[in-house]
Each structure stands twice: as structure tokens, then as C-alpha cells.
Amino acid sequence: MGKASFVVRRTLQLVVTLWAVGTVLFGLFRLMPGDPTSYVVSSQMTQEARRQIIESYGLNEPLYVQYIKFLQNLVVLDFGQSFHSNQPVTQVIATYLPNTLVLMLTAFIAAYTIGITLGVLSGWYRGSRFERSTVITALTARSVPTFYVGLIVLWIFGAELGVIPMSGMTSLGTQNAGFWEMVFSVDFLQHLLAPALVLGFYFMGYPLLIMRSSMLEVLSEDFIDVCRAKGLKERTIMFKHAARNAMLPVVTAAAIALGYAVGGSVLIETVFAWPGIGREMVRAVLRRDFPVAQGTFIVLAATIIILNFVADLAYGYLDPRVTYD
Amino acid sequence: MAQEEQSGRSIFTDLDDGSTNEQVDKWQRTARLWKETLIEQWKMLTDELSVKLSLFVVAAFVLIAIFAPLIAPYPPLQRQYQGDAGILIEKWADPSLLGADNGYLLGTTAEGFDIFSQLVYGTRAALMVGLIAAVFTAGIGTLVGLVAGYYGGKVDDALMRVVDFLYGMPLLPTVIVLVAVLGPNLWNIILALIILQWRSTARVIRSQALSLRERPFVKAAEVAGASDWHIISRHLAPNVLPMTFLYGSFGIAWAILAEAGVSFIGLGDPNTVSWGTMLQASRAYSALQFGAWWWFVPPGICIGLLVISGFLIGRGYEEITNPKLQ
């Protein structure tokens, strides 16, 4: 099988997976105990008002009609209206998704730069005390829950020392002209620092450990000996020859990990009261606002599914040795 | 074939369904095989210091969980009252660890619960979630992986598409939605974790089974007329056992972390005390702002200790199963 048919098959699989996630969600939210309409209408309303509201959300129609409509709307990315605020769900997503992305990408880029560098060094200086301490740090970083590290950071630096803000993304009462204006304001960066560092510390362990084991594999290959024989400098061998060849597993792992990072943004956003999409999803679930919960969940899942897809395709382009059969 | 060889012992005794006498023999052989494999794995595992320490930590937590009612001075959800007056403790009692004279080692929560007792009982919830979720995820994952890898073809395709679908679901949000649908209690959290987490074990075991299937001893068993189930359970399963254990020990760690996260968000079991619900309560009553560290620091340390032990045991195991990593 050639590359083209692999891409076609993989794309089909992407579509099927997205459909399956949507269907499962549709079923789950309609399985929720109790009448879904009871979250929309209150008992004091007149029969007529109740009926109108239920009809306006399309909740009176048979399930299969609702399902077909749901799928049709999914294709054009229309997730309906919030039961809570009556806003269109797409608008809710457009408000919260950029906040999550700014936080995640900042933490992610920092974590991968530092993690990869440490991974290269610890693979190179194998068996040293430096290697052991980086590996243990990486394991610790992945063992202590991020939200707990966040709590401790908030307690020490927020409550006790008062050097970082306790919650939110901007101070109360600040007005910003636009999104980018806000992102580059000092106030925003102050709020960003703590959650980004906590997340970065957590993300760092993964590329570090992968890079290390990938380095160990590359360093045992013949071309490294050739480099040595040529009399190249140690640092040139380490970064230019060994590290570049060892990068491949990290690159594909990074694409997948970024997806799961966005999908797992729930806890850190809750701790730092960061107005992101994960926290919004939890709040929507808790107040049974299922159009919003559904929409935000699909965004989180789609991020993972699409980045997995990208990683699969990228693998073939980055490594010419990959065959499709 | 079976009839001719009923009387005498043959090299095929473990292959056919003979008389009851041979049946007993068959079970003994199976039991011995599994026992030997397990002892061998255990010996390799306890070779390293960090693994030994981790096993010690886990054992200590297991003991604390079993003897929780003896260790904890109060039931975890029993309100404490001031003196004999019967007044509920206002705000919270300071810990006697810091010199307060009230007998509450780590003080009480704002609701008047003894924190130390909650911590001790929290071990039960953590271990229960960790162990049950890990056994089922590793078990289901191994079974699915073996079946998919051994049969290949359409069976493999179907099972792996299910795994791909599960990989598309973000862990925590999915558990949150499932728990919201099923109702917030510990069993539903465990169930939600099992539904999602077998995916990684299944994928790894499948790729192992794919290569094992081509080995001569499996071919030999096939030629000798062994049933599919016989080959899967007796020839493939013991060979993937190290991987199952590896993913099982990681599974404990992930399950404990996930339970803590879900409880922290507020979807924990209101009738059970776990380290996650303790953290959630401390946050709800602004213990951070008041600097009541004795409330929110200990649960996190316990989670961290238990989880890192799980990871270290897993890593020690990984080095056995994959000598390249050493």
C-alpha cells in the first residue's frame, strides 16, 4: 500500500472517530438521570411557556430526529445554545479556547525546550549523578498531581508571600482593547507565570525521558564512532549528530502530548481559576448545561484526535524509512 | 487420539480433554506453571533498591488501610465538639502537632472532622480505586490484546478501532462526564476509569501477541491440535505477563491521580473520604488563604508517595522487560 492510500484510509478513520465521539456524547447526555428539559424550564412557568422553550431547543422531537439534527449541526460546527446564558455555544468556545491555548502553548514550548535539552545531556552523560537526578526529577514531576503543585505554589507564593495573584487571568476591573493587547500586558503575564510554570514542570518529564532513551539508542550506532574518528568536537557530535537523529520519537510524541495537554487542561484551570475551555466544560457539566458541555467536550476530544492524525502523517514525512503496508 | 492415550501418560496430556484423572493433572500443571512464572518475576523485581523502597511504601499504606479503624482516633466523618458543652468547633481546631492541647494531631476541618483520621481513611479509598482499576484495566487490556493479536484479521481490526476511539477521548473530561451521568460515587469513578484505561494495555499486548503468534512453539501447539483458547491462555499469556504487570503498576498510579482529580473538582463520593475530597474541602473553605497547611499539605504528600511508588515499581519492571533501557 502506498503513501496516498494510507493518507486516505487515515483520513477516513479520523472522520469515523469524530463521529463516534459525537454519537457517544449525544447518548451520554441524553442518558443523564432525570428529564433534560427540567434543567431548562422551571416549574413556575405556564404550560404554554414551557412548551415553547422546549420546542425552541428541539427537545420535544423524537430521539432519532434530534440525533440527525445533532449530526447535521456538528458538520457545520453548530453546537446549539447554552441553557444557562442563551449564548451560542460556538461563541462560548471562541471566548474560552484562546485562553487555554495561550496557557498550554507557553507551558508546552518551555517544557519541551528544557526537557529535550536535559534529555540529550542525560543520555550523553549516562550513568552520572546528573543523569540519575534528572530522571528522578522527571519521575517526581509526573507523580505529584499538577493541581496539588498548583495549590502549594498558590499557598506559598500567593497567600504567604503575596508575589503572584491568587486567581484568574487578569486583575479585576482591567479593560483590554483586544485579545492580543491583553496577552502582552504585564498584568496578564503576572497571572500567566505561575500556572505556566507548574504545567511546564509537569510536561517536562515526558520529552526528557523519551529523549534520553532515544539518545541511548542513537549513541550506540556506528555513525557516532565515525564522528569521533573524524575528530569532531564532543558538543558537535552531541547536538548536531546524535540529538538530531534522536529527535524523531519526541516530535511525534509532542504532537500527541499537546492534544492530551489541551484535553487535560481541566484541573490546572480549576485551581488557578483560569477562564479556559476545560474549566468551562466542568462548570457546564455541574450546572447540567449540556449544549455547552457537549460543545466544549467535542473541542477537547477533536484536538486530541486531530493531533494524533497529524502525528501519524508527520511520522512518514520525517522518517523516510517508514513503509506503509 | 484421546482414547488411545487415556491409560498411559503421553506428552500430549496437556492438550486433550481426557479422563477426570488427567483433568486434575492438567490443573496442577497449569497452577505450577503460573506459580513458577510469578516467583521468577518477583525475584527479578526485588533486585533493585528503589523498587524495594517503593514496595515497602505500598506495603505500609496497605497496612494503614487495613488497620484504619485502629489507627484513626475518630471516624472520618464524625463531627467533633468543643469540650463537654456540645458546641461544634468554630472555624477549625489547630493541630496538636503544633502545640494545641486538644488531641487532634492535625487539627480539624472547618466542618469539624478530624484531619488525621480522614488522612488514614483516605488510604482506603486510594488503594481501593488504584487496585481495582488496575486489576481490571490490565486484565481486560491483556485479554483484548491477546485475542486481537492472536486472531488478527477482522477481529483485530474491530477491536483496535474501539481502542483508537478510546484514545480519542480526553481522560479527565470523559471521567467527569461519565461520573456526572452515573452519579458521584467511588464505584462509578472506578468504572469510568476502567472503561477508558484498558486502551493502552490492549495496544501493547496486541503488538506482543502479533510477534508471539509467529514463534515456533505456538505453531507447534497449533499443529498438535491445541484449541485457540488453550494457546492464548497457556502459551501466549505467560509470555506477556511482564507487560501486564508493568501496565498494571502504572495503572494503579494513574487511577489514584485521576480519582484525586475528579474528587478535587467536586464530583467525588460525598459519603467516602479520599485524599482528593480532602483537598477539595480545604479549597472550598479557603484553607489556602488562611495558611492552614496541615489541612491540604498531608493528602498531597500521600498521593505523591503512593503514585511515585507505583511508577518506580513499573520502571523497575520496565528495565527487566526491556533490557535496552538499563
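Helices here are DSSP runs of H or I with at least four residues, and they are numbered from the N terminus. Keep in mind that you are looking at a predicted model.

**Exercise 1. Find out how many helices and strands chain B has, and in what order its elements run.**

Step 1: Count the elements; chain B has 12 helices and two strands.

Step 2: Walk along chain B from the N terminus, and you read α-α-α-β-β-α-α-α-α-α-α-α-α-α.

**Exercise 2. Compare B:V62 and B:A65: in which helix does each lie, and is each buried, partly exposed or exposed?**

Step 1: Place the residues. B:V62 lies in helix 2 of chain B, and B:A65 is found in helix 2 of chain B.

Step 2: Recall the cut-offs: buried is under 20% relative accessible area, exposed is over 50%, and partly exposed is in between.

Step 3: Apply them. B:V62 has a relative accessible area of 31%, so this residue is partly exposed. B:A65 has 9% relative accessibility, so this one counts as buried.

Step 4: Look at the surroundings of B:V62. Together with B:L63, B:I66, B:F67, B:L70 and B:I71, this residue forms a nonpolar patch on the surface, with about 560 Å² of accessible area in total. Helix 2 (49–66) and helix 3 (68–71) of chain B each give two or more residues to the patch. The largest share, three residues, comes from helix 2 of chain B.

**Exercise 3. Describe how helix 4 and helix 8 of chain A cross.**

Step 1: Start with the idea that two packed helices are described by the angle and the distance between their axes.

Step 2: Read off both values. The axes of helix 4 (residues 89–124) and helix 8 (residues 186–219) of chain A come within 5 Å and cross at roughly 35°.

**Exercise 4. Which parts of chain A does the salt bridge of A:R212 and A:E131 tie together?**

Step 1: Remember that side chains of opposite charge can pair when their charged atoms come close.

Step 2: Check the distance; the side chains of A:R212 and A:E131 meet at 2.6 Å, N to O.

Step 3: Locate the partners. A:R212 lies in helix 8 of chain A and A:E131 in helix 5 (residues 129–143) of chain A, so the pair ties together parts that are 81 residues apart in sequence.

Step 4: Check burial. A:R212 has 8% relative accessibility and counts as buried, and A:E131 is buried with a relative accessible area of 8%.

Conventions. Residues numbered from 1 in each chain as written. Chains lettered and ligands numbered in written order. Predicted model: local features only at pLDDT ≥ 70, side-chain atom pairs only at ≥ 80, totals over all residues. Heavy atoms only, no water. Patch = residues over 30% accessible without salt bridge, like charges linked within 9 Å, V, L, I, M, F, W, Y side chains within 5 Å. Areas by Shrake-Rupley, 256 points an atom, 1.4 Å probe, with all protein chains shown as cover. Salt bridge = Lys/Arg side-chain N within 4 Å of Asp/Glu carboxyl O. Buried < 20%, exposed > 50% of the residue type's maximum accessible area, 1.4 Å probe, protein only. Axes fitted to C-alpha atoms, helices over the stretch in contact; angles between N-to-C directions. Left-handed = near helix turned anticlockwise from the far one by under 90°.
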